[in-house]
Amino acid sequence: LSQQAINCAGLVAVHSADSYESKQRMMAKLGKDGRYDHRDLSQFLSEIPTGWAVIKPRPTRDWIDGAPVLIAIDPVDFSQPSDAELGLTY
């Protein structure tokens with residue numbers, strides 16, 4: 001996402017961040033200052049297991065309500081569409 005889109009987000013959810021720029025951007029959104037060493041968080045952002053996410057609601061009235069939280073996301077069971085439904089028949 002662009003920086004403008006991230007700045008307007010009311011809820012930040014990080015499922016994975018692999019590139020250095022993505023990690024720095026997400027760490028800033030999670031409230032970690034780039035002037036300090038946060039290697040543990042940077043490594044964790046690239047190793048978040050499938051089905052988990054770090055979320056941070058914003059803006060909040062209380063600083064405790066705005067703390068980043070690790071959550072598990074329930075899997076969604078979608079049936080796989082056929083080629084005809086996708087318009088891929090030749």
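Predicted model: local features only at pLDDT ≥ 70, side-chain atom pairs only at ≥ 80, totals over all residues.
Residues are numbered from 1 along each chain as its sequence is written, and side-chain values use heavy atoms, with hydrogens and water left out.

**The core**

Next select Val 12, Val 14, Ala 17, Met 26, Met 27, Leu 30, Leu 41, Leu 45, Ile 48 and Val 54, the 10 residues of the largest nonpolar core. Such a core is a set of buried Ala, Val, Leu, Ile, Met, Phe, Trp, Tyr and Cys residues joined through side-chain atoms within 4.5 Å; buried means under 20% relative accessible area, exposed over 50%, and partly exposed in between, with a 1.4 Å probe and protein chains only. Two or more residues of this core come from each of strand S1 (11-14), helix H2 (20-29) and helix H3 (39-46). Helices (H or I, at least four residues) and strands (E, at least two) are DSSP runs, numbered from the N terminus.

**The two helices**

Now show H2 and H3 together: their axes come within 10 Å and cross at roughly 115°. That makes H2 roughly perpendicular to H3, a class that covers 65 to 115 degrees, whereas angles under 35 degrees count as roughly parallel, over 145 as roughly antiparallel and the rest as oblique. Axes are lines fitted to C-alpha atoms, for helices over the stretch in contact, and angles run from 0 to 180 degrees between N-to-C directions. To see the contact itself, select Lys 23, Met 26 and Met 27 of H2 with Leu 41, Ser 42, Leu 45 and Ser 46 of H3.

In the loop between H2 and H3, pick out Tyr 36, which is exposed, with a relative accessible area of 56%.

Turn to the open sheet of 3 strands, whose order is S1-S2-S3 with antiparallel pairing; two strands pair if DSSP finds at least two bridges between them. The edge strands, each pairing on one side only, are S1 and strand S3 (69-72). Neighbouring strands of this sheet are turned by 35° against each other on average, direction ignored.

S1 and S2 are paired over 4 bridges, and here Val 12 stands opposite Lys 56 in S2. Lys 56 counts as buried, at 16% relative accessibility. Among the residues that Lys 56 touches, not counting those up to four places away in sequence, are Gly 10, Lys 29, Leu 30 and Pro 68.

On the other pairing, 4 bridges join strand S2 (residues 52-57) to S3, and Trp 52 has Ala 72 as its bridge partner in S3.

**The last stop**

Finally, select Ile 73 in the segment after S3; this residue is partly exposed, with a relative accessible area of 36%. Although Ile 73 and Trp 52 are 21 residues apart in sequence, their C-alpha atoms are 5.7 Å apart in space. With neighbours within four places in sequence left aside, Ile 73 is in contact with His 15, Gly 51 and Ala 53.

Conventions:
Contact = heavy atoms within 4.5 Å.
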